[in-house]
Structure formats: C-alpha cells, structure tokens
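User: I'd like to learn how to read a model like this one, feature by feature. Could you give me the general idea each time and then the case at hand?

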Amino acid sequence: MAPRFLWLLLGLGATGCGIAGAVLPLVPTTPFLLLAAFAFAKSSPRLHAWLTSHPQFGPLIDNWQQHRAIGRGAKRAALVAMALAFAMSWLLAVPGWLLVVQAVVLGCVATFILSRPDGPVGPQA
C-alpha cells in the first residue's frame with residue numbers, strides 16, 4: 001500500500017476516535033485530533049484544511065501547532081477527566097498495584113499538561 005493511503009487511514013481513524021472523545025467521558029479528544037492533523041498533512045490537504053478550520057477543533061490544533069500550548073479549558077477538562085478515571089478505579093476496588101501504576105501514569109501526563117503554556121491570550125485563544 002502507498003504511504004499516503006496509510007496516512008489517510010490513520011488520519012480517519014484518529015478523527016473518529018477524537019470525535020468519540022468529544023462525546024464520551026474519559027476518552028481524550030485533543031491527542032487524537034493532533035494525530036489526525038499530522039496524518040492529514042501528509043495525505044490529504046482537503047481533510048487537513050477541514051480539520052484545522054473546524055470551529056471547535058481547529059483552535060485546539062492551531063494552539064498546539066503554533067505555540068506548543070494547551071489552553072486552560074482543555075487543561076482543566078483533562079485534569080478533571082483523569083481525576084474521575086482514578087476515582088472510578090478506586091471506587092471499583094481495582095487492585096492496589098494497578099492503582100499505583102495508574103496514579104504514576106496519570107501523574108506523568110498531568111505534569112506534562114501543566115508544564116505546557118496556556119497559549120496566546122485574546123480572541124484567537
């Protein structure tokens with residue numbers, strides 16, 4: 001198969017996962033859409049333009065591509081989702097060793113998220 005077709009499949013799959021994440025709790029949206037934008041840039045200028053100009057998803061992607069930043073709202077949503085996921089695991093009596101692994105992974109992800117700048121301030125944010 002041609003590499004361009006594989007990039008297109010990856011972009012479509014990541015877009016589907018990102019859209020699912022927009023409506024399902026605890027499923028991330030932004031990482032999938034960033035992956036989709038990257039894959040579409042290598043395979044389909046039309047789909048890349050559609051995704052980056054989308055009214056809801058475009059600003060998240062642009063903020064990351066231009067500034068390597070995560071907006072405050074996205075940070076808050078991610079941290080709340082991670083806390084809820086951990087709380088759910090605890091309430092469901094997940095084994096202790098697995099809670100420790102989950103806490104370490106979520107802690108690393110939270111550290112990464114919080115270490116990113118918020119991005120530009122103003123109407124474009």
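User: How many helices and strands are there in the protein chain?

Analyst: Elements here are DSSP runs numbered from the N terminus, helices being H or I with at least four residues and strands being E with at least two. The protein chain has 6 helices and 0 strands, so from the N terminus on the order reads α-α-α-α-α-α. Before we go on: this is a predicted model, where local features need pLDDT of at least 70 and side-chain atom pairs count only at pLDDT 80 or more, while totals for chains, interfaces and linings use all residues. Residues are numbered from 1 along each chain as its sequence is written, and side-chain values use heavy atoms, with hydrogens and water left out.

User: What box do the C-alpha atoms fill, and what percentage of the residues is buried?

Analyst: Taken along the principal axes, the box for the C-alpha atoms is roughly 45 × 40 × 20 Å. Buried means under 20% relative accessible area, exposed means over 50%, and partly exposed is in between (1.4 Å probe, protein chains only). Of the 125 residues in the protein chain, 26% are buried. As for surface, accessible areas come from the Shrake-Rupley method with a 1.4 Å probe, and for residues only the protein chains shown count as cover. The chain exposes about 8,100 Å², with carbon and sulfur atoms supplying 73% of it.

User: And contacts in the protein chain: what share joins residues at least 24 apart?

Analyst: A contact means heavy atoms within 4.5 Å. Take the contacts between residues at least 6 apart in sequence: 60% of them join residues at least 24 apart.

User: Which residues make up the largest nonpolar core?

Analyst: A nonpolar core is a set of buried Ala, Val, Leu, Ile, Met, Phe, Trp, Tyr and Cys residues joined through side-chain atoms within 4.5 Å. The largest one here has 9 residues: Ala-14, Leu-33, Ala-36, Ala-37, Phe-40, Leu-47, Leu-51, Phe-57 and Ile-61. Helix H2 (30–43) and helix H3 (45–52) are the elements that give two or more residues to this core, and H2 gives the most, with 4 residues. Apart from this core lies another, of 6 residues, among them Trp-64, Ile-70, Ala-110 and Ile-113.

User: What is Phe-40 in contact with?

Analyst: Leaving aside neighbours within four places in sequence, Phe-40 is in contact with Leu-8, Gly-11, Leu-12, Thr-15, Pro-45, Leu-47, His-48 and Leu-51.

User: Which residues of H4 are buried, and what covers them?

Analyst: In H4 the buried ones are Gly-58, Ile-61, Asn-63 and Trp-64. Their cover includes H2, H3 and H6.

User: How much space lies in the largest pocket, and what lines it?

Analyst: The search runs on a 1 Å grid over the protein atoms alone: a cavity is a set of points where a 1.4 Å probe fits but cannot get out, and a pocket is an open set with protein on both sides within 12 Å along at least five of seven lines. Lining residues have an atom within 4 Å of a point. Grid points are joined across faces, edges and corners, and a volume is the space filled by probe spheres set on the points. The largest pocket holds about 820 Å³. Its lining counts 31 residues, with Pro-28, Thr-29, Thr-30, Pro-31 and Ala-78 nearest the centre. Helix H1 (3–23), H2, helix H4 (58–67), helix H5 (72–91) and helix H6 (96–115) each give two or more residues to the lining, and H5 gives the most, with 7 residues.

User: How does that lining of the largest pocket split by class?

Analyst: Ala, Val, Leu, Ile, Met, Phe, Trp, Tyr, Cys and Pro count as nonpolar, Asp, Glu, Lys and Arg as charged, and the others, Gly among them, as polar. The lining has 24 nonpolar, 6 polar and 1 charged residues.

User: Why does Gly-21 count as buried?

Analyst: Because its relative accessibility is 9%. Gly-21 lies in helix H1 and, not counting residues up to four places away in sequence, touches Val-27, Pro-28 and Thr-29. The C-alpha atoms of Gly-21 and Leu-33, 12 residues apart along the chain, are separated by 9.8 Å.

User: Last one: which phi values are positive in residues other than glycine?

Analyst: Most residues other than glycine have a negative phi. Arg-68, in the loop between H4 and H5, has a phi near 50° and is partly exposed at 44% relative accessibility. Ala-93, in the loop between H5 and H6, has a phi near 60° and is exposed, with a relative accessible area of 61%.
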